[in-house]
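This report goes through selected local features of one structure. The sequence and the model come first.

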Amino acid sequence: MHQEIDLDKIDIHAEPPIEEPARQYYFMAKCRQIVKAERERLGRPLYACIQTFGCQMNARDSEKLTGILTRIGYVECETEDADFVIYNTCTVRENANNKVYGRLGYLGTLKKKNPRMIIGLCGCMMQEQTAVDKLKESYRFVNLIFGTHNIYKFAELAAAAMENSFSGQHHRGTDGMTIDIWKDTDKIVEDLPVERKYAFKSGVNIMFGCNNFCSYCIVPYVRGRERSREPGEIIREIRRLVADGVVEVMLLGQNVNSYGKNLREPVTFAQLLAEAEQIEGLERIRFMTSHPKDLSDELIAVMKKSQKICRHLHLPLQSGSSRILKKMNRCYDKEHYLALVDKIRAAIPDIALTTDIIVGFPGETGEDFAETLDVVRRVEYDSAFTFLYSKRTGTPAAAMEEQVPELEVKARFDRLLAEVQEISAKKARKLTGRTLPVLIEEKNEQDASLVTGRLDNNSVVHLPGTADMIGQICQVYLEECRGFYYIGKPVTDGNGASDKQG
């Protein structure tokens, strides 16, 4: 829809529409005129840079912001010495906030050289009142602050920030800041421009927010409660993406397994996947993140039968100790998790399982950590994201007693990492010598003679190739496993049999 709208034909002197997304297109047209005038004044293009911190949902949000900035006349660039800079922030750990403050100091020096530069901050960190208060007090040069719930209003907010900045209003202090933070919302507006990073694959938001309130996690407080998009809207978006050359989609949500529960006519995540499977031209379907407590038998059955859902499941464990899992408010125990893994592996023997593990959660004893190692050995993950517990202000865990000494946490972490890496390498070696489909994603950054792609189990493969292979799914013989990636060679018809992905 958005590609059919001609911004130059929108009357920006009329009253802005009330309905969304028409209202945002009105403000895009207004921004476009402001950018055009500024470009003519300077005699050069205007450049925009978006720096993304955090998860894949943030990455998808940044594609939306980029889509709007390019539609209104900015040229995308990768350096922060630009005319419009946005930090799309993460706040899962407090050091993520500190990183943003540090980078803002650098932006402040750039803004002194270019006073009409616009600096915007959005994302999860902006949903914290203490962060916004600090920005208002110590970083008065920031022009625009908005959160996770109203990202669809970016064009409207950008128009206000431009008018303030270009009129000189901003230099009179925080009165010139455009700040728009919502505590919560049930509103979803998706039909707006998106500038995808990859032509051949795309994230698709299927839901927003989280209802789980794990005791270590700030996400429900900054992303809000769960709200699902209508399945028809999601399927239409995927169809449009496929028509535009996309062969792989990643369905995104904080907990995709609870998708659809709050819709007027409830739909399960498994039903949504089954419908997406029918889209002609779509080759691969991925999703994340799955919560073990909500992973259904119906979903396992759909994955087993599917020809398009990738044989990869990210199933966060966090801890192998039932006692610690209870303190984390994860709503499952060790036995439930292991039984679920057995059920998944029985149905889909070749599936790759990956996970998240936190080491050093408050009160974790040596025995609790041993339980985690036991699960790692029994499940044999293909890979694992391992984290040192980080106290996050504003979460219940931050106030818990029995914080584990830092040296002990680090020793446990090193033991876990060694275990995970040994198992991962052993698992990866099993695929050596097989011919499997690889989606070619990019030219190799280190060696111009190679391209890089992924198996459907998410493993990385480097192989000889050229740029015209990007976006294609090629049969590749896996010659050598080098721990976390493979060296392969393309297989032409008749040179080798192809296996179904493992």
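## Ser321 and its surroundings

Leaving aside neighbours within four places in sequence, Ser321 is in contact with Asp368, Glu371 and Thr372; contact means heavy atoms within 4.5 Å. Ser321 sits in the loop between β12 (312-314) and α10. Its relative accessibility is 2%, and Ser321 therefore counts as buried (buried is under 20% relative accessible area, exposed over 50%, partly exposed in between, with a 1.4 Å probe and protein chains only). Helices (H or I, at least four residues) and strands (E, at least two) are DSSP runs, numbered from the N terminus.

The model is predicted: local features need pLDDT of at least 70, side-chain atom pairs count only at pLDDT 80 or more, and totals for chains, interfaces and linings use all residues. Residues are numbered from 1 along each chain as its sequence is written, and side-chain values use heavy atoms, with hydrogens and water left out.

## Helices α11 and α12

Helix α11 (residues 334-347) packs with helix α12 (residues 366-379) at an angle of about 10 degrees, and their axes are 11 Å apart. Axes are lines fitted to C-alpha atoms, for helices over the stretch in contact, and angles run from 0 to 180 degrees between N-to-C directions. The two helices, α11 and α12, are therefore roughly parallel to each other (angles under 35 degrees count as roughly parallel, over 145 as roughly antiparallel, 65 to 115 as roughly perpendicular and the rest as oblique).

On the α11 side the contact is made by Lys334, Tyr337, Leu338, Val341 and Arg345, and on the α12 side by Glu371, Asp374, Val375, Arg378 and Val379. By class, this contact of α11 with α12 has 5 nonpolar, no polar and 5 charged residues. Ala, Val, Leu, Ile, Met, Phe, Trp, Tyr, Cys and Pro count as nonpolar, Asp, Glu, Lys and Arg as charged, and the others, Gly among them, as polar. Glu371 of α12 takes part in this contact and is also one of the residues in contact with Ser321.

## The buried face of α8

In helix α8 (residues 269-277), the buried residues are Phe269, Ala270, Leu272, Leu273, Ala276 and Glu277. Seen down the axis of α8, these buried residues fall within an arc of 160 degrees, so they line one face of the helix; the arc is that of the directions from the helix axis to the C-beta atoms. The buried residues of α8 pack against α7 (231-243), β10 (248-252), β11 (284-288) and α9 (297-305).

## Cysteines

With a disulfide taken as a pair of cysteine sulfur atoms within 2.5 Å, the count comes to 0 disulfides. Cys55 is in no disulfide, and the nearest cysteine sulfur, that of Cys124, is 6.3 Å away. Cys55 is partly exposed, at a relative accessible area of 37%.

For Cys210, the closest cysteine sulfur is in Cys214, at 6.4 Å, which is too far for a bond. Cys210 has 9% relative accessibility and counts as buried.

## Backbone details

The peptide bond from Glu20 to Pro21 is cis, with omega near 5 degrees; Pro21 lies in the segment before α1 (22-42). Another cis peptide bond joins Met288 and Thr289, with omega about 5 degrees, and Thr289 is placed in the loop between β11 and α9.

Cys331, a residue other than glycine, has a positive phi near 65 degrees. Cys331 lies in the loop between α10 (322-328) and α11 and is exposed, at 53% relative accessible area. Glu402 also has a positive phi, of about 65 degrees, although it is not a glycine. Glu402 lies in the loop between β14 (383-388) and α13 (406-429) and is exposed, with a relative accessible area of 56%.
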